[in-house]
Amino acid sequence: MGMSNSNYKIEKIIGKLNFNKHPILNQNYTTRLAYVSFLAAALRFGKRNELQVNDILTTYIHIFDIKVTDFNELLNIDNKHGSDVFIRILRLLGFTDISERKMKFNHSYCSKLLLGEMLLFDLNESGDFFNNIIVRLYAEYFEIPIIFVEHIKALLIKMVSNEDVKDLLKLKKNESFKYFFDCMKDYRKHEATDTINVTVIATMSSGKSTLLNALIGKKKFPSENKACTSKYLEFKNNPKLSRELGFASGEHLDSRWNISYDEIRSWNRDAEIDRIELEGMMNSYSMLKKAKISFIDTPGTNNSRDNQHGVITRKILHQRNSNVILYILNATNLAADDDSQLLKEVVKELGNQQIIFLLNKTDQMDLDADDDITDSLRIARAYVMEHGVISPTIIPISTYAAGLFRYILDGGSLTNREKRDALALFRLFQSPKYDMNRYIDKSLIKSLPQSAINVRSHKNIQIDSELLSSKVIYEAMKKTGIHILERLLLQISSISQIGR
Ligand SMILES: Nc1nc2c(ncn2[C@@H]2O[C@H](COP(=O)(O)OP(=O)(O)O)[C@@H](O)[C@H]2O)c(=O)[nH]1
Ligand SMILES: [Mg+2]
């Protein structure tokens, strides 16, 4: 059973709730295990597919600190035998005197909370419940009166539709639901704060996805040569979220509480998905990691085989929703026809959006031979100004090097090819000529916020046969241009936050 439009929005709310303060965390191990086991039984009989169920349970097991072996044993119980399942769960948990334990569980704080949690997972946007058989049997088995079940349902509906339930929560019988309410409140507060929207625009293969990955400091945006992105893809930074959420929409709806890069890639290839939203934490070395900031990748406009790309990009441009547009110019191929066409469209739709130009792939320039960044910047500047941009900010950058250095710092894994490239780029950026800071207006650099990240406690990191100190990698990262960009973005985000 898949997701439908009627529960996609609810799915998003539940997915974003922070379960790190779950009241069950104060209970002993057996109770926590019992709680997850009952929840697992309900989820497996609910509206979610197996992947989604396993994904949700992984989160609970992790947060509740449950041993995977214990949990697997419980999962082997099949659900076909109705309420028998509860007896088996209790027995497996070592409750020999079942009826006594049943009474205890029934009168505990947990049983009602659990019922509420099972119902929450069962709720549809229209205020209906999926009518999960396990939830019904659970209420029967633990002798929870129908009236109380209905009462909880009504309370949950009110909570998710943001109605005032403060008075209801004062009632003793509802006290366990205060936790849901607090989670929901935190979620709403986070959603209500303004976000800085950063949109990346450039022609195909200029390094849009590579840049976004470098800024986030994690591999999130697929950079694929063949199936290049033809979707709206957004990453929202959420510093409080310890999981990585993914939501796909279009003909095919899907969601994950812990999304993997492989899953993002397969969504990206899925023709029935046209929008992917990711939410999680940025790299721990990022200066923007505490900002409410969101990054949007666009497919560009110049794919002759797929004009859908142009449609999506123009739509985003036309909405003028971005605070900042990052426009990537290719240092090795400046002022191509395609680019000129795209830049014209961007300038036309700029409005109040701030634009920052990036001269990318500077690592591919041979600065020991004839290439010269100062020259390229001059040409780029003239080119951009010809298109009507007055005094443009252009930052030379190597997004590929920046990304690799940041993944290494954050303990991310690299492919063999990336390791090889990282070592070569690391050597390249030792040369002062490749320090991008040299090519940027000194007064601009001085006006930017300083790095608050302190790499005092540096560690040694092994890459192939070489051992490098994190401090040295951090210094190399600063030369790639990414650091200037993030400082600039931090400045913009703090100014627009003050302005509100
Ligand atoms: N050497 C080098 N390669 C880069 C850089 N940025 C991107 N690339 C490569 O250019 C190709 C296209 O990058 P991608 O991010 O997928 O471009 P997009 O189509 O604009 O999203 C990939 O092979 C990247 O590895 C860079 O700064 N230096
Ligand atoms: Mg791309």
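The crossing of helices α7 and α9 is right-handed, a term used when the near helix is turned clockwise from the far one by less than a right angle, anticlockwise being left-handed. In this predicted model, local features need pLDDT of at least 70 and side-chain atom pairs count only at pLDDT 80 or more, while totals for chains, interfaces and linings use all residues. Residues are numbered from 1 along each chain as its sequence is written, and chains are lettered from A and ligands numbered from 1 in the order in which they are written.

Helix α7 comprises residues 109–120 and helix α9 residues 146–160; their axes come within 10 Å and cross at roughly 55°. Axes here are lines fitted to C-alpha atoms, for helices over the stretch in contact, with angles from 0 to 180 degrees between N-to-C directions. On α7 the contact involves L115, G116, L119 and L120, and on α9 V149, I152, K153 and L156; two residues are in contact if their C-beta atoms, placed from the backbone, lie within 7 Å.

The protein chain as a whole has 21 helices and 11 strands, which are DSSP runs numbered from the N terminus (helices H or I, at least four residues; strands E, at least two). Of its 500 residues, 40% are buried. A buried residue has 20 or more other C-beta atoms within 10 Å of its own, an exposed one 12 or fewer, and a partly exposed one a number in between, with C-beta atoms placed from the backbone.

Nine strands form an open sheet with mixed pairing, in the order β4-β3-β5-β2-β6-β1-β7-β8-β9; strands pair if DSSP finds at least two bridges between them. The edge strands, β4 and β9, each pair on one side only. Within the sheet, strand β1 (residues 196–201) has five of its six residues buried, so it is largely enclosed by the rest of the structure. Five bridges join β1 to the parallel strand β6, where V200 stands opposite D297. Four bridges link β1 to β7, also in parallel, and T199 stands opposite I325 there.

Strands β3 and β5 run antiparallel and are joined by six bridges; G250 has I273 of β5 as its bridge partner. Helix α13 (residues 261–269) has I264, W267 and N268 as its buried residues. Seen down the helix axis, these fall within an arc of 100°, so they line one face of α13, the arc being that of the directions from the axis to the C-beta atoms. The buried residues of α13 pack against β3, β4 and β5.
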